[in-house]
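Subject: Structure for your review

Dear colleague,

I am passing on the structure below, followed by notes on what was found in it. Please read the notes beside the coordinates.

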Amino acid sequence: MSHSGQREPTASLSLLDATMVGIGAMIGAGIFVLTGLAVDISGPAAIVAFALNGGVTTFTALSYAELASAIPRNGGGYAYVREVFSAPVSFVMGWTRWFTYMIAGSLYALGFASNFIEFGHLYGVDLPGPAVGYALVAVAALVTLNALSTEASGKGETAITLVKIAILGVFVAFGLTAARTGEFRPLFSKGALSVLPAMGLTFIAFQGYDLIATVTEEVENPRVNIPRAILLSVVVTVVVYLLVVFVAIGTLGAEALAGAGETAIAQAAEGFMPTFPVVGTGASLIAFGAVFSTISALNAVVIGSSRVAFAMGREGQLPARLGRFHHRYGTPLTAIVASAGLMLVAVVVVPIRVVGNLASLFSLLGFVIVNVALIRLRAQQPDLQRPFEVPLYPVPPIFGIVCNLLLGLFIDPFTWALALAWLAFGGVVYLVWSRRRERPRDETEVTEIQAPEPLPSAEEGDD
């Protein structure tokens, strides 16, 4: 620890905590609001869309797992791209991932607010004030928790995520006894190709496992636990999604589920779930689960966005102050505050639907680059220590590249135009900051940017 406020990250998160960061981000409000919309597009085959998205997600998750075991640094995809690509390419990766996580945070915050208000309505309570006010309070509360203690935010994420998994478990347990397989016939009632747009709609619900890699240096035994956490989070999430979608379609039926839209899961629960003490009806329990889901997802992206900013600051691609851990709290305080500030602005002024599509596009492109980074790292550093290696290499990363590009084609041209505009703005930021860094600096300024230690070779890792 130095007097300038620099402090090394502390490994305070367990395998369970790291896994819950991924699950907490993935099982957000998406499964609650997207199921009915997906069924409206593809009928009972919506369950096929969820299954295929699980497969597409797994290809890139395997790449993340190997890269995390080989490059145990905070920053996730940005850290990996920084290792194998030029500085401009890595800046673009970090710039877009930071943006994506912050925008996702604003989406989750507004989702929390609407679910919280609806939860109050179910109990006859009309909560005062606009929804945006509750969204701002949620962001401020979680930012404060994250700023004061990584361990507390990680343990809180674990507790909240376990609660929402338990709620969905209750939904599935009751629903499996009431589901009817006949509701899935014919499976492709709207045509086999209708699965593709349903995949494009629901793919956002499979994003979040990559957040685990952003806190690599704060997890115990990261070379082993980060790959395990990534793969565990994907497996658990896919299983939960398929069970929930099966129960929803099997109990309510595709036509009724499609008509229910964003409230499909709650309406399905009303048909077969009993009334619970304290909580009330099945719809009330699902609303309660939706509140927990959005809070855990919001907390996960607060953690992830700040670590990307931290990594970019440490690499000198953003102000060095962002790349330092607070000497007292042991958290990337400045990076957390900067990320939160932009997230709060997004909550108030950003057109959520448009920028939500933009965040999805950047995620798909980011996943493409991560898969390419894995292939390049294998070629450039074949002897690098890799406790986890992608099975059947290079098939999974190649499939990941192709599938993510194909899904990107289902995003409208206007969103692509916005993406290019944001990248152009990022290019201006990069050029301005690069020129500023090239100016002569005194010794104090130079020491602010801490270069990460070299990666160990396979021989060193075996000592």
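To begin with the aromatic rings, the structure, which is a predicted model, holds 24 aromatic pairs. One of them is formed by Phe 91 and Tyr 430, a tilted pair with 5.0 Å from centre to centre and 50° between the planes.

On confidence, the protein has an average pLDDT of 87, and 92% of the residues score at least 70. Two stretches need care: over residues 1–5 the pLDDT stays under 50, and the model has seven contacts beyond four places in sequence for them, while over residues 440–451 the pLDDT also stays under 50, with 11 contacts beyond four places in sequence. Where pLDDT is low, the predicted coordinates should not be read in detail.

Helix H2 (residues 30–42) packs against helix H8 (residues 195–202) at an angle of about 165°, and their axes are 8 Å apart. Because angles over 145 degrees count as roughly antiparallel, H2 and H8 are described as roughly antiparallel to each other, and their crossing is right-handed. In this contact Leu 34, Leu 37, Ala 38, Ile 41 and Ser 42 of H2 meet Val 195, Pro 197, Ala 198, Leu 201 and Thr 202 of H8; by class these residues are eight nonpolar, two polar and no charged.

H2 also packs against helix H9 (residues 222–252), here at an angle of about 55° and with the axes 11 Å apart, so that H2 and H9 are oblique to each other. The crossing of H2 and H9 is again right-handed, and it brings Ile 31, Thr 35 and Val 39 of H2 into contact with Tyr 241, Val 244, Val 245, Ala 248 and Ile 249 of H9. The residues of this contact divide into seven nonpolar, one polar and no charged.

Another packing involves helix H3 (residues 46–70) and helix H15 (residues 395–408), which meet at an angle of about 130° with their axes 8 Å apart, and this angle makes H3 oblique to H15. H3 passes H15 in a left-handed crossing. On the H3 side the contact includes Asn 53, Val 56, Phe 59, Thr 60, Leu 62 and Ser 63, and on the H15 side Pro 396, Pro 397, Phe 399, Gly 400, Cys 403, Asn 404 and Leu 407; the contact has eight nonpolar, five polar and no charged residues.

Finally, some backbone details may be worth checking in your own viewer. Most residues other than glycine have a negative phi, and most peptide bonds are trans. Against that background, a cis peptide bond joins Arg 185 and Pro 186, with omega of about -5°, and Pro 186 lies in the loop between helix H7 (150–176) and H8. The peptide bond from Tyr 393 to Pro 394 is likewise cis, with omega near 10°, and Pro 394 is placed in the loop between helix H14 (352–380) and H15. Asn 221, although not a glycine, has a positive phi of about 45°, and Asn 221 sits in the loop between H8 and H9.

How values were computed: Residues are numbered from 1 along each chain as its sequence is written. This is a predicted model: local features need pLDDT of at least 70, side-chain atom pairs count only at pLDDT 80 or more; totals for chains, interfaces and linings use all residues. Side-chain values use heavy atoms; hydrogens and water are left out. Axes are lines fitted to C-alpha atoms, for helices over the stretch in contact, and angles run from 0 to 180 degrees between N-to-C directions. Helices (H or I, at least four residues) and strands (E, at least two) are DSSP runs, numbered from the N terminus. Angles under 35 degrees count as roughly parallel, over 145 as roughly antiparallel, 65 to 115 as roughly perpendicular and the rest as oblique. A crossing is left-handed if the near helix is turned anticlockwise from the far one by less than a right angle, and right-handed if clockwise. Contact means heavy atoms within 4.5 Å. Ala, Val, Leu, Ile, Met, Phe, Trp, Tyr, Cys and Pro count as nonpolar, Asp, Glu, Lys and Arg as charged, and the others, Gly among them, as polar. pLDDT is the predictor's confidence in each residue, from 0 to 100. Rings of Phe, Tyr and Trp (its six-membered ring) pair if their centres lie within 6.5 Å; planes under 30 degrees apart count as stacked, over 60 as edge-to-face and the rest as tilted.
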